[in-house]
Each structure stands twice: as structure tokens, then as C-alpha cells.
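Please look over the sequence and the structure shown below before reading on. The report that follows goes through some of the features one by one, with the residues named so that each can be found.

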Amino acid sequence: MRKHSTLTLSRIEAFLEKLTKAYYKSPVDFKLSYFKSAEPTTFEEQKKATYKPIAVGENWGSNFDCAWFKLTGTIPESFKGHEVVALINLGGEVCIYDHEGKAIQGLTNKRIGNEFDEAEIKRRVYLTDKANGNEEINLLMDAGANNIMGVSELNGVIIADGTVNQAEMAIFDRNKWQLFLDYDLLFKFQALLEEKSRHKKTIIYALNEVINLYGDGSDENVQSCREVLAVELKKRANASAMKVSAIGHAHIDIAWLWPLRETVRKTARSFSTALKMMEEYPEYKFGASQPHLYQMVKDNHPELFERIKEAVKQGRWECQGGMWVEADCNVSGGESLVRQLLYGKKFFKEEFDQDVDNLWLPDVFGYSAALPQMLIKSGINFFMTQKISWNQFNRFPHHTFIWEGLDGTEIFSHFLCNDTYNSNCAPDNIKMFETANQDADRTEHSLLLYGVGDGGGGPDRKHIERLRRMADLEDMPKVEMEFARDFFQKIKATAKDLQKWNGELYLEYHRGTLTTQALVKKKNRKLEILIREVEFLFSMFGMEIYPQDQLERLWKVILLNQFHDIIPGSSINRVYKECHEEYDAARLELLDLLKEGESRLLANAESHDLEGKNGLLVYNSLSWDREEIVEIPEGITKVKVPSLGYAVVHDPVDLFADLSVTDCQLENDLIRVVLNDQGYVESIYDKEFDREILQEGQLANVFKLYEDQPITYEAWDVDIYYEEIPPVLPKLVSKHVMEHGKLRASIAIKFKGEKFELDQIISLSEGSKRIDFHTTVDWNEDQKMLRVDFPVKIKSQQATFEIQYGHVKRNTHSNTSWDMAQFEVVAHKWADLSQPNYGVALINDCKYGHKIKDNIISLNLLRSPKSPDAEADMHVHEFSYALFPHTGDHIEGKVVQEAYQFNFPMRVLPFSGKLGGGDSDYSGIRLSKENVIIESLKKAEYSDSLILRLYESSGIDTDLELTCAENIDKVWITNLMEEDEKVIDVQNDTLKLHFNPFEINTLKLKFK
């Protein structure tokens, strides 16, 4: 048939199916035996096991069961002179080992249904290039009864197997396989070309001609067929073709639909396969991110780790991404992100002598506006992702652009033009680099990540073969296999007139990840605070015994669980059981360190000859003086404590305070709170400014239970239509006066919902407008979401939300689709709605999902998705939030400082001091301005100096004096990696600093 028609294409498609079955011949079954275990066993342990026979078609396990398999057979005489392969599909993930315990390569079956290309399958193992016949074959395999995507149910599909589907050897006709690859690629390619294109017609003609020439499939006929197709494959790319840099990749989620222990084995499978591909393809290059994965290999497969080091040294393997793991960038704290970069870059430098200068976050659910500054100050010059392509409503306008952060720092940024980090290298995916690239007029370069990912695996031979054929092909981009770092240098050098994006990169999707698995988020926040307190104590009072190695190990527990499928709440139940175990163990260690640090503080206090005897010592780890109520054995008292220091308190404060309380009203000299008969707040009256804070006719602290059934990803998503169904309000069970003292008054209320009970203590303290809501919820809902709302009498087109090292403003209206899409957003310790003269902040101790539209401040408290963890959040929750009315905007009202104090309560220690003539307090470091905050104190990584991390929190440029109580020898400003940049002049233990708006500065102090 010599012309283009539907019938011709049908004939071609049928012949292609024939070719897929032509290159494996005369299959012969292997014999299989195995032994099974619930958890992985080592290579050495399997030697002692008793194996039993198993046949094709038999099931050997499920739900992450583990097994070692022995495969034995003899190559038949009839295979003599032929290339022979093993074809293995054990219904799970497999790593083949030699008999010395060396990982050889990984094997995987298909993922979900027919979603992925045949290139996703890895089942072929080369046995011999040319058989003699009668060779004995023995293979040893470590298998997991889980698909590459785990065993969980995702979108109604169970992704698990655990059945032996294939175990045979066969003659491999390499020339027919190459014909299939030629034919398959050109068939897929022609579908992309215009119907009237001559190029399309010549390809279809050649494909049809191959069918006529193929005949009996003899070697001579196959060669003739390949020569016909070679004419089409040798047509060179256009002069204006895009240039694509291709790097083999295996995106490995550290935990998701599988537990961490399975990731240990995924790294062995994926990384050994990458090395195997390097043996077969000289031009092949592979890259992997996340130092934690390399640490897994080092700890569990040291021989494989050494081979990776050698591949890096030879320029075949690239270390990618500066973070310890590919971390969530919404919920993770600022210092946590710094430590991700510090420990990530440190590992690559120490282990591989590689200074990685790119941030590799292809799959993270949004990117903080604070990141550009953190990256540039960490020696990271390039940022890469593709996740913003998932936006629900608005297409992001760039693929290559300059991203400007909160403080004005700019970083060169590139989004993958084919919208995936798991490219199958099919022609339609590669063509996207030209058809979808929104900056093709400004740059001729793009980056391609190819290979099976999410569950690991990496590229197979078919990926590489496809790229070989498309290296220089007419009507396609030109493809070159090279490292990402080479790509970044090329594109930066040649790009012109790049556009700029200012502020956060908000993902219009996966908004539920700001709330799901609330206890994980709470423990993360509390551990971030606790480890900071420990570092403060040892930095200020115990540097000579600073537990640096232990703290680094504990930091890595926090960092690991900030992986972008753990802390967001999108993993299976087992992941969270193990996460909580790790968190709890880390907390106990940190509490022990806290006690040791506090003993050093007490020793320091005694050495300073503080006045008094048998008093109480209160310490403050924040960088401004504080006057607050604290809990003491006798009850509560009000104390004043200097910055980064402590004070001795002898007697509880006995002062008159105008606090009154009934079961429906709280009042002090500044503010009055009134509850209605249903237990909701009907009035908050600012007595100082004679104004009602709540919107007229509206109730506040209203708990609303919404239907929460997103269209696709339950744990991930909150969909915009949730408000279309009116929420259910829980019913009041009781309310009564809880506390009536001179310094604090409280009302206790109890609500009952459909499947939850909520207990709350509402408190008001002397001299403060902050209203505290300490809340306990016994939560047993299904696919519901609990929010609390505060409709306030404030008119502003923008609200302010705290992020890492600063804050961002977001519109309170929905004028544009971009505004409308931000109906659920992240904030850390506070969110604020202010007019120039007055404002209201909502402060929290462990929540992140917020909504401020019009004049309603809404906090997302709890969700109850059922996939992928049916038990998500089904337990008792305890958390606190506070409403804080204030003068002026959030800066004048000192919202930042109030939120820190809410999250960092001062600690009280018993103290027996000396009766002497000294002062009754001590301040280790003082700052002249409160808008500059010391976020972290720690021992330097490579010396005994002290590291201080400070940032400007108000968005204003500031001149500052820092005074230290100890004798300073020398001070440097460093980058975030603690590399010296310049020396700072010091006079009388005081130094002067200048901060630009939201600037982060790191100081290294050497003491005399």
C-alpha cells in the first residue's frame, strides 16, 4: 500500500505489535526457589535460610513481604552461538546480586494499569553474548512484594502483586530488537507531524515498506528493513531546533506509598541499574539528588557506595540538589531549610568532593519566597522544578526565568518544559521541549530528566535507545546526554532578556497538605523549637561540651521527615507510625540535652553571683527583653527577663489586676470578650481604642465542619467547592469559669460534633489584648474538615502571612483567577489582617493552613482523608491559637514578637544562688532593634566559634548594634554554609550591622 490512509496506519500498528514478540525466541523455564520474611534480610542472613520451590503463577507474598529467590537453569544446546537473556517478573521489585553480595541491577514490573510505556518495565537480564550451550545459570534475587509504587490503594487501584509472572531464559535477537526500536520510534513520531507534512508521508511510506520487506524475519530481511528506516532516522534536525540536555534520573520518594525501609532497597535497585546502564552505553550519564539516599547506600550497601563514588570521579554520575532531602518548602521552618542545605552540601563535598550549586526540587508542593536568598547565600545558583505545571487554574507563564525572592535576591530558574521528571523519552514527550516551552524565544536550551521515578527505577535501555535515535532528528529538538550542571552553565550563558517572577511560587493544588496529618506538623514545630533551645543553651553556656555530632544526627531526623511526602501528610499509615517513633525518640534525647544545658545555665548563674537565695530562675532564648506571665510551682507570676539571658525571681508578683470573668465574659483593663449562649464569641471590645473588633452581626471562634471530598488526591487536596455545602456547627455541651486570678482568667467550653468532641479553654491575661484558645479535639470524622473563623471589622485588600525569615502579602479579594486560586495558603506562626490604624492577628502553635478572604480570618484545624492513610488524624489533638488585636499594622502592633513569645514560652528552673552584690539578671547578647531577630545560635561546623543567624523581620532597612556579654576576639559575616565573607569591626564587644529588608545575616564570633 503506497499512500497514506487509515488502513495503512492500522497495518503498521499491527506489524509493530508483531515486532514486540519477535526478538525473544525459544523460551525455557528456570527453576525457582525462595524463602520469605516479613522484613528485609541481608545477603549474609539469606545464606542460612531454607529455600523451597515455587512455580510461575504462584503467589509468594503481599503487603511489603520480602523474599530471597534462587533461580537456576542450564542453557540448552540449541542456544549455542546466540545471545541469551533471562526474562524475570516476580510480581514485585527485585535486585539481582552476585554470589559475593554485589548488587547488579534492579528489576520492576509495571506500575498502575496501562498508564506507562513499555519502557517502564525492567525484566531483561543479559546472561551471555554468545552461548556455548550447557552453561549453568544461577541468579540470586532480593524481592519485595510491592509494585514500584508501593502496595497502597491510590485512586481506587491496588498497586501490589507478589505473584511469579515470568522466570525463563530466551534467545535474544538483538537486530530484531533494534528494528523494533526504530519502527516504534518512527511510528510514534509520525503521529506528531501535520497531516499534509511531506515528512509524515515519507515516514509512513518507509514503515509500510518495512512490512513488505520483512517476510520471514530472516537476518538479511531485518537488515534490509533497518536500512529503509535508517534513511528517515538520518534526517538531521532543523537549524532552529531546541537543544535538550538529557540526564538519566530515578526520582525516589524517600517515603510515600512505601515505608523508609523499602527505600533502602529502592536505592540499591535504582543505583545498581544506573551503573549497569553505564557499562552498556558509553555516553550514558546519570544523576541523583538527596544525600540521605546516598547515606542509606553507604550504611547498607558499602560496596555499591564505593562504585558510585568511582562513577562520580569518572564523570559518569552527577550529584544533584543541595538539600539533605527534597524537602517540603511550605511547612518546614526557616532554620530547617538552612540545615537542609548545610548538611546536604556538606555531605556531597565530604563524600564526593562535589560542590553542588543547584536546588533540585521537581516534586515539591510550592516554593517559599524566602528560598532565593537562602539559596544564593548557600552557594546555590540555579533552581529547578516542574511542579507548578500542576496548577489547577492558571498556567505559569515561564519555563526559564529569574525568580526574585522576598528580599530582592534573584536566582536563575528553570522549569522542565515537558512537565515531568519521569520522561519515557517517547517522541511526543521530547517534542514538548519546542511546542510547550514558553521561553523558546529567549533560550535555545532545555533540561530533560528521563527514567522511571517516584518509586525509583531510573532509565531502562529503551529510554537510552530512543534518545540515541533522536539525538539529531528532523523536526525534533536536538538531544545531548550531559550533566545538569553543564546544562545550567550553557543556558545561563546564552539566555537573553529573561523575564522575572517576584515572590512565592504558589502551587494551585495540594492545599490540603498544609493540614493533613496534623500531629506530624505539630511534632515538627515543637522539635524545631526544642532543638533551637538546646543549641541556645550549649552555645551560650556550654560551648566546651557542645554535642555537635549528636545534634547533627537529631537535626537529620527532623530534616528526613520534612521530605515532601512525609510532613505534608500524603504517605501511608506505616510511614507515620515510624515517623512518630523517630520524633518521640528525638524528643526524649533533646529533653535530656535540654536538662544538661539548663544545668550549665544554672552553673553560669551561680558564677555571676546573682542576688538572692532559693529563688526561681527564668530564661529567655529570644533576642529581646520579655515581660510575661509564667507558670511557677505556686501558680503563675509575671516576670521580666532580658534578651538571650535569664533572671532570678524570688516571690510571686502580687499586683492588682482588673480581671473579671463569668461563664460568658472575660475582661481586663484593655479588652472585653463576650460569649453567647451557644458558646461562640459575639463581641471582642477594645476598651483602649473604644472599638468593636468583630464584624457587626457576626460570631467569632466559630467551628465549622465541612464536607471534604476532593476530586482526586484525598490527603493532598482541598478543593475550592468545599464551601458550596453549608458547614455543620457543633453544639455546645457546657461552659463554665475555669480560672479567676489576678493575672489570668479563663472560661472552659465543650462542644460536640458529629464524630468529634472539642474542649477549649479561653484565657485572657493581665495587661494583654491577646486572647488564647487552648483546644483539645477527639477527632473521628470521615472526609470532613474542621475550621475556625474570625470575621473581624477590618477593611484591607491584602492580608499578611508569616513565612520563613519574613512574611508575604496576599490579596483578600478574588478579582483575578490568580487571587481566586489562593483560597488556602500557608502561614507559619501568624497571619494578620490590618488597616493602617488597627489590625487583628491570628497566632498558632502548630497550624499552617489559612484563608483570609474579605474580612474573615480562617484557620484550618483538622482534616480526615481516607487515602492513602485511612487512619489519618484519627486521634486526640491538642493545640493552641490566639487572637491578637493590636494598634496599627502588624509591624507597629509587634505581631512577629507576640507570635514568637506564644511559641517559645520562657522556662522556669529552681535556683539556689549566692547572697552577693551582683545583678539579678544576665543577658548574653543584646540587639538595639527588635525587628532584627536571632533565629539560631550554634557551634560553627569547623571551629569552636559561635554562629549567630539573624534576620530582619519587618521589611525595612535597619542599622543595628549587637552587644555581647563575653569578650569578642573577632567577628566575620559568613554565608549560610559558614564560609567567611568579610570581617566586622568590634569595639567594646559591640559591633554594628546593616540589614536590608528581610535580609538574613550569619555571624561567626570568636571569643577571647
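## An open sheet

Strand 40 and strand 43 (residues 849-853) run antiparallel and are joined by two bridges. One of these places can be found by looking for Val826, whose bridge partner in strand 43 is Gly849. This is a predicted model, and everything said here about strands and helices refers to that prediction. Strands of a sheet pair through backbone hydrogen bonds, either parallel or antiparallel.

The two strands belong to an open sheet of five strands, which has the order 32-37-44-43-40 and antiparallel pairing. At its edges are strand 32 (702-707) and strand 40 (825-826), each of which pairs on one side only.

## A buried arginine in the sheet

Arg787 has its place in strand 37 (residues 784-791). Is this arginine, Arg787, buried or exposed? Its relative accessibility is 1%, and since buried means under 20% relative accessible area, Arg787 counts as buried. The side chain of Arg787 makes a polar contact of 2.9 Å with the side chain of Glu824.

When neighbours within four places in sequence are left aside, the residues in contact with Arg787 include Val702, Phe703, Lys704 and Tyr706, together with Tyr722, Glu824, His850 and Lys851. Also among them are Ser858, Leu859, Asn860 and Leu861.

Helix 12 (residues 461-469) is largely enclosed by the rest of the structure, because eight of its nine residues are buried. The buried residues in helix 12 are Arg461, Lys462, His463, Ile464, Glu465, Arg466, Leu467 and Arg469.

Helix 15 (residues 548-560) has 13 residues, which at 1.5 Å a residue should span 18 Å, and its end C-alpha atoms are 18 Å apart, which agrees. Helix 15 is also mostly covered, with 10 of its 13 residues buried; among these are Gln548, Leu551, Leu554, Trp555, Val557 and Ile558. Against which elements do the buried residues of helix 15 pack? They pack against helix 6 (260-280), helix 7 (291-300), helix 9 (334-352), helix 14 (518-541) and helix 16 (573-607), and also against strand 49 (932-939).

## Salt bridges

Side chains of opposite charge can pair when their charged atoms come close. In this model the count comes to 86 salt bridges. Within helix 15, the side chains of Glu552 and Lys556 meet in a salt bridge, at 2.9 Å from N to O, and because Glu552 and Lys556 are four residues apart in helix 15, they are separated by about one helical turn. Both Glu552 and Lys556 are buried. A further salt bridge joins the side chains of Arg553 and Glu589 at 2.8 Å, again N to O. This pair links distant parts of the chain, with Arg553 in helix 15 and Glu589 in helix 16, 36 residues apart. Arg553 is partly exposed, with a relative accessible area of 43%, and Glu589, at 23% relative accessibility, also counts as partly exposed.

Elsewhere, the side chains of Lys490 and Glu480 meet in a salt bridge of 3.4 Å, N to O. Lys490 lies in helix 13 (residues 484-494) and Glu480 in strand 21 (residues 478-481), so this pair ties together parts that are 10 residues apart in sequence. Lys490 is partly exposed, with a relative accessible area of 30%, and Glu480 is partly exposed with a value of 42%.

## A buried threonine

Thr1002 is found in strand 56 (residues 1000-1007) and is buried, with a relative accessible area of 2%. A polar contact of 3.2 Å joins the side chain of Thr1002 to that of Arg949. Neighbours within four places in sequence aside, Thr1002 is in contact with Ile947, Leu948, Arg949, Trp972, Ile973, Thr974, Asn975 and Leu976.

## Backbone details in loops

The peptide bond from Ser867 to Pro868 is cis, with omega near 10°, and Pro868 lies in the loop between strand 44 (856-863) and strand 45 (876-887).

Phe64 has a positive phi of about 70° although it is not a glycine; Phe64 lies in the loop between strand 3 (52-54) and strand 4 (66-74) and is buried, with a relative accessible area of 6%. Asp854 is a residue other than glycine with a positive phi, near 55°. Asp854 is found in the loop between strand 43 and strand 44, and at 55% relative accessibility Asp854 counts as exposed.

Note on methods:
Residues are numbered from 1 along each chain as its sequence is written. This is a predicted model: local features need pLDDT of at least 70, side-chain atom pairs count only at pLDDT 80 or more; totals for chains, interfaces and linings use all residues. Side-chain values use heavy atoms; hydrogens and water are left out. Buried means under 20% relative accessible area, exposed over 50%, partly exposed in between (1.4 Å probe, protein chains only). The expected span of a helix is 1.5 Å times one less than its number of residues. Contact means heavy atoms within 4.5 Å. A salt bridge is a side-chain nitrogen of Lys or Arg within 4 Å of a carboxyl oxygen of Asp or Glu. Two strands pair if DSSP finds at least two bridges between them. A polar contact is a pair of N or O atoms within 3.5 Å; within protein, one must be able to donate a hydrogen and the other to accept it, and residues adjacent in sequence count only if both atoms are side-chain atoms.
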